[in-house]
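Welcome, and please have a look at the model below. This report walks through some of its packing.

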Amino acid sequence: MSEGPCLVIAIDYGTTFTGFSFTTPKTANGDLDEIRVVTNFGDGFRMGNTDKVPSVISYSPKTGGEQQFGFSLSEEAVRMQHSKLELDVQETKLDELELILQVMDGMKDLAFEHVKTAAATPGYSWKVPEEIVKDYLERCFPYVEKAIAEDLGEENMHRLPVDIVMTVPVSWSYRAKDATLRAIQKAGFNKTRFPLLRDVMMVTEPEAAAVYTARFLKKEMGANFLKIGECFVLCDAGGGTVDVVSYKVVQLEPTIALEEVGCPTGAKCGSSYIDGYFKMWLRKLLGERNYRKLDPTAVGGKSNNNSSEGPHMRAIMDTFDGHKKEFRSDGRDIKLDLTEPSLANITIDGKVDEGQITIKSSDMKSFFDPCIDRILELVQGQVDQIGGTGYRVKNIFLVGGFGESEFLQDELIESLGMNDLNLRRPSTSWTAVVRGAAILGVEKAAHENITFLKTCPRSYGIKLDSAYTKTKHDAKDHYTDTLTNDVMAKGQMHWLIRKGDLILSDEQKVTEKELAFNFKETGKKMFKIPIYMYEDDDIPERYQNARNELLEVGVLDCDLSHFAIRDFHRFENPETGFPYYSAHCTVKTTLSEGYLTVQIMWNNAQNDEVELCKLELDHE
């Protein structure tokens, strides 16, 4: 912590629930008793006070005093949920295609009759996940600001230097980190609202949880709990992701210090996936036609688990969620009523009795099993990692919302019992991440794993001719290339780095853009590509109508004249039959703290990669 008082704000945006905390530390060491968790999110319909607020938002019209986020939703609201998972890069192209299908299906393929029926209030949001997350956090922000002002006084709040800490899963991609930061800043956690904002930091969710949990349990259980050199495994089981990390205690006084052991692991196997398995089971039980009445946003053969739920499916899932939390392996069968009016009296032999379904205990276990099996695998992997270093694990710390599941606890205890391990779960496990993030913010100088975040202050791009399409390009830029006979759009801007792109203190951002330099056998084998800088947010797409707004900051100068003609790819103009040659190149851009590096890489006919030129720019 820097000398003098300051304000540290921590944000734990989660798949199913979100938490906020803050502290004004008196010393350089984080004090558990000084951390304040935001619990009041307004007096709206059914909102109430809680340590976390559901990560859901609705764009449906209000019917009363609802706030249309968190717990406060109108009865007919379509809720957008699990948006955090959609910030991350989809694992396969099929997942990306399914996401597109979800949007198109939810908007009824933009059919005119549906547009008329929906009027101005469509049930399915057209917004991208980053915008949905921003809107949700924007509704939370006033209550965070109010809690801080009530604790410190409004004048003091704006007089203190401010540090902001955001948490992310272990395996969060650059794209997801970038989108999370943009959403947080646009929601109000920025220099405009906090003029004395100093540092914005990022920590992993399990590290934040480990720091808090070790200190909390040490304080609660006494001096003999945890000793120098002792190792433990922390399992942060949330709604979307489950992260597992191992630590060794390296210091006890003046406060506990930890050292990471082995490699952190994580997977998307949180409690929200149990909901997905239940929906697939329900779909099979009811049949496609009946299931669509409950969940109109369902796509293909898979339930729409990660985007939206209408009122009827919402009601069922809210009831199911209560049973899910209470489920034990020896539990009774569960009865659920179908809330959709046309299904209220439906009977399907052996499946549905007058609108009521029965979930057998074995069925419920089958919803849990894929997630539980993956979690046990992750935990065992960490135990094995520590064993390979010559240490033994004595304790497993379990935190997170899913960590409150008694069934998960039972399965871990049964699995770990064979290895003489203890499962420990602090009473504050649900808020361990957001409390630990505040501690790490206070102690930022003492922790190597904290990532400091900045954003690129301006955009950098190049001018290229692109393959012409009527829907994308201005007809004024249309021309036919006489060398290749390709129909092209002249002078299109291609932005390598955009203003606001995330800059990580411990990781570079690398992007690549392909281009082809074409020439006759007897023509010049040299080309230049200027790099342009743009200061504002509304980046132009055409060079012609923006050339006076762009500032040239460098030139990529490439000379291929010393290479033999056999090193290039040979093609023929389909119209004239005349041959021409092409250098297939890649513009490689590397964004790091302070510098922007741009290279032109050439893949020759022998598939060897050659650097043609390189330029380094200072972006500060």
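What follows covers the nonpolar cores, a helix pair and one further helix in this predicted model.

**Nonpolar cores**

The largest nonpolar core holds 52 residues, and the members that touch the most others are Phe 278, Leu 282, Phe 320, Leu 338, Ile 359, Val 379 and Phe 402. Helix H11 (residues 361–388) gives this core its largest share, with eleven residues.

**A helix pair**

Helices H7 and H13 pack with their axes 7 Å apart, at an angle of about 90°. They are therefore roughly perpendicular to each other. The table lists the residues that meet.

| Helix | Range | Residues in the contact |
|---|---|---|
| H7 | residues 205–221 | Glu 205, Glu 207, Ala 208, Ala 209, Val 211, Tyr 212, Thr 213, Arg 215 |
| H13 | residues 432–442 | Ala 432, Val 433, Arg 435, Gly 436, Ala 437, Ile 439, Leu 440 |

By type, the contact of H7 with H13 has nine nonpolar, two polar and four charged residues.

**Helix H12**

The twelve residues of H12 (406–417) reach 16 Å from first C-alpha to last, close to the 16 Å expected at 1.5 Å a residue. Which residues of H12 are buried? They are Phe 407, Leu 408, Gln 409, Glu 411, Leu 412, Ser 415 and Leu 416. These buried residues pack against H11 and strands E9 (231–237), E16 (393–399) and E17 (422–424).

Technical notes. Residues numbered from 1 in each chain as written. Predicted model: local features only at pLDDT ≥ 70, side-chain atom pairs only at ≥ 80, totals over all residues. Heavy atoms only, no water. Core = buried A, V, L, I, M, F, W, Y, C linked by side-chain atoms within 4.5 Å. Buried < 20%, exposed > 50% of the residue type's maximum accessible area, 1.4 Å probe, protein only. Helix = DSSP H or I, 4+ residues; strand = E, 2+ residues; numbered from the N terminus. Axes fitted to C-alpha atoms, helices over the stretch in contact; angles between N-to-C directions. Parallel < 35°, antiparallel > 145°, perpendicular 65-115°, else oblique. Contact = heavy atoms within 4.5 Å. Nonpolar A, V, L, I, M, F, W, Y, C, P; charged D, E, K, R; others polar. Expected span 1.5 Å × (residues − 1).
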